[in-house]
Amino acid sequence: MVDVVDTMLREAALADASDIHVEGVRDQVRIRYRVDGKLAVSHLWPKALQAPLATRLQVMAELNIANPWLPQDGHFASVIDGKEYDFRLATVPTERGPACTVRILDSSKSIAHLENLGLHLDDLGLVQQALDYHQGFILTTGPSGSGKTTTLYAMIEALCARPTKTVTIEDPVEYRLDQVVQVPVNHRVGMDFATGLRAILRLDPDNILVGEIRDKETAEIAVQASMTGHLILSTLHTRGTVESIFRLIEMGIEPYMVKEVINCIIAQRLVRVLCPVCRQEYAPTDADLAPFGMDRTSARDIHFFRPKGCDECFHMGYRGRTSIMEVLLGSDAIRDAITRRTTAQEIRAIAIQAGMRPLSLNAFDKVCRGITSLEEIRQHVGAFA
């Protein structure tokens, strides 16, 4: 079983998988790897391997194997082909035996630079402008797995070049930086985001990264900190930029305080990048273009590509992912709209009129440049006719 698990971890790491999923199905145990956001079955092994496989992973993560009916999570590290990887394990008992998910983090990978995130040049300037502020909120938003943490760390990396002190509170700490004081959440001893944030303020930081604003208490402490000279970077689970404003209000933060702290909100999605070796140019039909408000006449000067598949991309047609982002910068007009408690649609219209590039526009720009496909942005960004 040691060899089986080692082989599985090595195979997934070399395939650039982000997760391994171990699940019981009838008389087998199914092993699936998530590559570029998509799950694919890699192995179907005999059912008898499920329990010992889960036990081996729990032993590696130093979890309690005496009671297999408790959900648990932990982590362990391993070196594969000279690279150090961190593995985050979560196990849950199910009707068909223990289900395990292993998240894979390549510790040897450097933090992404802001310039390499996929931001449009105009949006990159807005983010860099927001980082020059000495207080207020910079929020990233989007569904799970949309690259929010990567974006936050890219901003932290930019801040590290300045003569300021940066402290983080995270659950868990995903990337380790020598220039940053990093505090892990530990619910077992009562160290949650709110408790950790209060303690961090005593360290006299200039910049604070809060892994996620989940509740009213954390939001209130973060708002107070941002109004007393701290730059707060965090994430919210909302669909878009404008929705994040209303999420803070729903949490109990007064609109007059929200308008004071909002500097910049980034909404993002991850889309797969077409394999440059085998991507195939084609002419989409009117039906293909209709969800995007176009037809063949209006799109006649655009070169469209679709996936084909080759050995280079494991016959998937895609290799790697890039971000699609929308950046809302706080302005007097938006702050006035928040004070007047206008609708989300009105605030969005004000932001676009002031120059905000919508998510859909940035997505279609990536299609026009041959980076991704119409089908990919339709799945992740949606139709925007």
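Guide: Two strands count as paired if DSSP finds at least two bridges between them. With that settled, note that the model here is predicted.

Visitor: Fine. Which strand pairs with β12, and over how many bridges?

Guide: Strand β12, residues 262-274, pairs with β15. The two run in the antiparallel sense, over ten bridges.

Visitor: Which residue stands opposite C264?

Guide: L329, which belongs to β15, is the residue across from C264.

Visitor: And why is β15 described as largely enclosed?

Guide: Nine of its twelve residues are buried, so β15 is largely enclosed by the rest of the structure. Buried here means under 20% relative accessible area.

Visitor: Switching to charges. How many salt bridges does a search of the whole structure find?

Guide: The count is 23.

Visitor: Where do D16 and R319 lie?

Guide: D16 is in the loop between α1 (2-14) and β1 (19-25), while R319 is in strand β15, residues 318-329. The pair therefore ties together parts that are 303 residues apart in sequence.

Visitor: What does E23 meet in a salt bridge?

Guide: Its partner is R30, and the N to O distance is 2.9 Å. E23 is buried, at 17% relative accessible area. R30 has 23% relative accessibility and counts as partly exposed.

Visitor: How about R103, what does it form a salt bridge with?

Guide: With E174, where the closest N and O atoms are 2.9 Å apart. R103 sits in strand β6 (residues 97-106) and E174 in the loop between β8 (166-170) and β9 (181-184), so this pair links parts that are 71 residues apart in sequence. The relative accessibility of R103 is 37%, which puts R103 in the partly exposed class. E174, by contrast, is buried, with a relative accessible area of 12%.

Visitor: Going back to E23 and R30, which residues do shared partners join into one network?

Guide: The network consists of E23, R30 and R32, joined by salt bridges that share partners.

Visitor: Where is P98 placed?

Guide: P98 is in strand β6. It is partly exposed, with a relative accessible area of 24%.

Visitor: What does P98 touch?

Guide: Leaving out residues up to four places away in sequence, P98 touches V22, Q50, A51, A54, V92 and P93. As for L53, its C-alpha is 9.4 Å from that of P98, and the two residues are 45 apart in sequence.

Visitor: What is the largest cavity lined by?

Guide: The lining is G118, L119, H120, D123, S323, I324, M325, N362, D365, K366 and R369. By type, these lining residues divide into three nonpolar, four polar and four charged.

Visitor: Which elements each supply at least two residues of that lining?

Guide: β15 does, and so does α12, residues 359-368.

Visitor: Last topic, backbone geometry. What is the peptide bond from D171 to P172?

Guide: It is cis, with omega near -5°. P172 is in the loop between β8 and β9.

Visitor: Does H315 count as buried or exposed?

Guide: Exposed, at 54% relative accessibility. The cut-off for exposed is over 50%.

Technical notes. Residues are numbered from 1 along each chain as its sequence is written. This is a predicted model: local features need pLDDT of at least 70, side-chain atom pairs count only at pLDDT 80 or more; totals for chains, interfaces and linings use all residues. Side-chain values use heavy atoms; hydrogens and water are left out. A salt bridge is a side-chain nitrogen of Lys or Arg within 4 Å of a carboxyl oxygen of Asp or Glu. Helices (H or I, at least four residues) and strands (E, at least two) are DSSP runs, numbered from the N terminus. Buried means under 20% relative accessible area, exposed over 50%, partly exposed in between (1.4 Å probe, protein chains only). Contact means heavy atoms within 4.5 Å. On a 1 Å grid over the protein atoms alone, a cavity is a set of points where a 1.4 Å probe fits but cannot get out, and a pocket is an open set with protein on both sides within 12 Å along at least five of seven lines; lining residues have an atom within 4 Å of a point. Ala, Val, Leu, Ile, Met, Phe, Trp, Tyr, Cys and Pro count as nonpolar, Asp, Glu, Lys and Arg as charged, and the others, Gly among them, as polar.
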